[in-house]
Amino acid sequence: MSFKNKTLGEFINENQHAFKYTTGELSSLINSIRLAAKVVNHEVNQAGLVDITGAAGDTNIQGEDQQKLDVYANDIFIRTLINRNIVCGITSEEEDDFIVVNSQDENHQNKYVVLIDPLDGSSNIDVNVSVGTIFSVYRRITPIGTPVTMDDFLQEGRHQVAAGYVIYGTSTMLVYTTGHGVNGFTLNPAIGTFYLSHPDMEFPEDGNIYSVNEGNYLEFPEGIKKYIKYCQKLEEDRPYTSRYIGSLASDFHRNMIKGGIYMYPKSTKNPKGKLRLLYECNPMAFIAEQAKGKASDGYTRILDIKPTELHQRVPFICGSKNMVEKAEEFMKEFS
Ligand code: P6P
């Protein structure tokens, strides 16, 4: 890593003006994510050595066995966000209900809510495969000075003011947008600093990688089945390559760099899909569109879906624009 690269802190300060609401709050918010990511990264990287892997012995509202690192990451991100006194509310995959943050001056002057999947893909932890953190930021819509309500969290994804993910992989990266493009920062662990390594990230308009759990093939909608067979068809620019890490941030990140499509369709096992709209699909869809990609549920733009509950699930198709549109064509033809 060349030290001539801009640091995350320098980048945030340089782009402060671009964030229409900021009075330095965005900087503090992204900096709190940065700090928490470094702390979680330290634990993830030594997961095999300390008693931090395996099940925590509890289940979350999704009915999923909480891994110890899930609980640890959740605690770190929530505590860091609260300590920075920027947010007025937090929703986490690991929390049944949203958290009302009573700002230190106790009069709810903070303007932002954060929705987070603190450790996505945690089932990969014990087998040393990359995992991620996904976050989404909105400006509250209820009156400042009052406790946040559910309405502050159930905004359409197009109202996000920032979104990003961290990948704890062969290197640790923070990728985020505030609505002015997508930029990627790589952690230099020797000095604990994130450096701008992937400026202005964009999805290639087309690609030849498709990511889907084909173990669920028989349960997929007909349109998805037809699209998968289209990807596998022997023709001049096919068959495509199938790549599926089982960690959304990692599959998304690879597709954004190389071109590709990620799909988590509905199935009989997951009649509304598996991925959560508020803290997985919306942030990834915001990033995708800012990177000239596309994200839908097969029919509707993800960012236009009106949420009705905190942990609701939606079918998710996301990636290179032409590939998503091809999949949507099959969904329309065979709906
Ligand atoms: P499956 C991880 O639990 C996750 O939410 C995404 O990160 C990942 O792409 C997907 O679920 C994996 O789910 O059912 O294929 O194991």
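**Exercise 1.** Which residue in β13 stands opposite Tyr210?

*Solution.* Start with the pair itself: Tyr210 faces Ile261 of β13. Next, look at the strands: β11 (residues 209-211) and β13 (residues 261-264) run parallel and are joined by two bridges. Strands here are DSSP E runs of at least two residues, helices H or I runs of at least four, both numbered from the N terminus. Strands count as paired when DSSP finds at least two bridges between them.

A word on the model: it is predicted, with local features needing pLDDT of at least 70 and side-chain atom pairs pLDDT 80 or more, while totals for chains, interfaces and linings use all residues. Numbering starts from 1 along each chain as its sequence is written, and side-chain values use heavy atoms, leaving out hydrogens and water.

**Exercise 2.** Work out the strand order of the open sheet of five strands, then find its edge strands.

*Solution.* The order reads β12-β11-β13-β15-β14, with mixed pairing. Now check the ends: β12 (241-242) and β14 (294-296) each pair on one side only, making them the edges.

**Exercise 3.** Which side chains put an N or O atom 2.6 Å from an oxygen atom of the ligand?

*Solution.* Take Tyr244 first: its side chain has an N or O atom 2.6 Å from a ligand oxygen. Tyr264 gives 2.6 Å too. For the side chain of Glu280, the distance is 3.2 Å. Finally, the area: alone, the ligand exposes 400 Å², and the protein buries 83% of that (Shrake-Rupley, 1.4 Å probe).

Notes. A polar contact is a pair of N or O atoms within 3.5 Å; within protein, one must be able to donate a hydrogen and the other to accept it, and residues adjacent in sequence count only if both atoms are side-chain atoms.
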